[in-house]
Amino acid sequence: MAGAGPGMGSGAVGGPAAAAAEALRQRLTGLPGAEAGEILLDLVRTHVAAVLGHEGTADVAAGRAFKELGFDSLTAVELRNRLGAATGLRLPASLVFDYPTPSALAEHLRTGILGEQGGAPALPALAEIDRLEFILTSVAGDSAERANVTARLEKLLLKWNEIESAAAGDDDSDDLESASADDIFDIINNEFGRS
């Protein structure tokens, strides 16, 4: 194949494909994780629809397995090649098996394109929240799964707030334990308005 170098079809080769991949990377840089994820999910679904011969993305559900969508080894390689050209990433031949849904694949592409940049949070917990936010976009709007996820998130938030309250309480008791007698008298005087 002319113009194909190492990693044939799995990375940017130059010319228009490289320019398009760079434009995509620049578009995603600085966006919140969920927004970048939505753009990449749309990219994945568009290419999946094209590979499978669909008119649009309506038949390509974000959480549906590629195998269920009708992928075989040939269509998997075609998708890998298309996404490699679109993103400029070197993608493995086992891509649709390693990341078996459009949603999982889009998240992988987001990580590959943005790495530690593009507005990715410095704290690991925030990075995981971004990842969770992206995953939650694929939960059906009116489903038992959504109700279960909502209940779990509410419990988690309650626990988070309890831990924070307990930590704040511990700080107060630590302050009191390390306070001298003069400090304690100052606190009492300030509380009761005596000077």
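I take buried to mean under 20% relative accessible area, with exposed over 50% and partly exposed in between, using a 1.4 Å probe and protein chains only. I number residues from 1 along each chain as its sequence is written, and I leave hydrogens and water out, so that side-chain values use heavy atoms. The model is predicted, and I therefore ask for pLDDT of at least 70 for local features and 80 or more for side-chain atom pairs, while totals for chains, interfaces and linings use all residues.

**Entry 1: confidence**

I looked up pLDDT, the predictor's confidence in each residue on a scale from 0 to 100, and found a mean of 77 for the protein chain, with 69% of its residues at 70 or more. Residues 1-13 stay under 50, and for them the model has 22 contacts beyond four places in sequence, a contact being heavy atoms within 4.5 Å. Over residues 117-122 the pLDDT is likewise below 50, and this stretch has 11 contacts in the model beyond near neighbours in sequence.

**Entry 2: the chain as a whole**

I counted helices and strands as DSSP runs numbered from the N terminus (helices H or I, at least four residues; strands E, at least two). The protein chain has 9 helices and 0 strands, and its pattern along the sequence reads α-α-α-α-α-α-α-α-α. Of the 195 residues, 26% are buried. Among contacts with a separation of 6 or more, 63% join residues 24 or more positions apart.

**Entry 3: helix 2 against helix 6**

I fitted axes as lines to C-alpha atoms, for helices over the stretch in contact, and took angles from 0 to 180 degrees between N-to-C directions. Helix 2 (residues 33-52) packs on helix 6 (residues 102-114) at about 120°, and their axes are 8 Å apart. That angle makes helix 2 oblique to helix 6, since under 35 degrees counts as roughly parallel, over 145 as roughly antiparallel, 65 to 115 as roughly perpendicular and the rest as oblique.

I then looked at leucine 41, which is placed in helix 2 and is buried, with a relative accessible area of 7%.

**Entry 4: helix 2 against helix 4**

Helix 2 also packs on helix 4 (residues 73-87), at an angle of about 140° and with the axes 10 Å apart. That makes helix 2 oblique to helix 4, and the crossing is right-handed. Leu43, Val44, His47, Val48, Ala50 and Val51 in helix 2 meet Thr75, Glu78, Leu79, Arg82, Leu83, Ala86 and Thr87 in helix 4.

**Entry 5: leucine 95**

I found leucine 95 in helix 5 (residues 95-98), where its 1% relative accessibility makes it count as buried. Leaving out residues up to four places away in sequence, leucine 95 touches Arg80, Leu83, Leu105 and His108.

Methods. Left-handed = near helix turned anticlockwise from the far one by under 90°.
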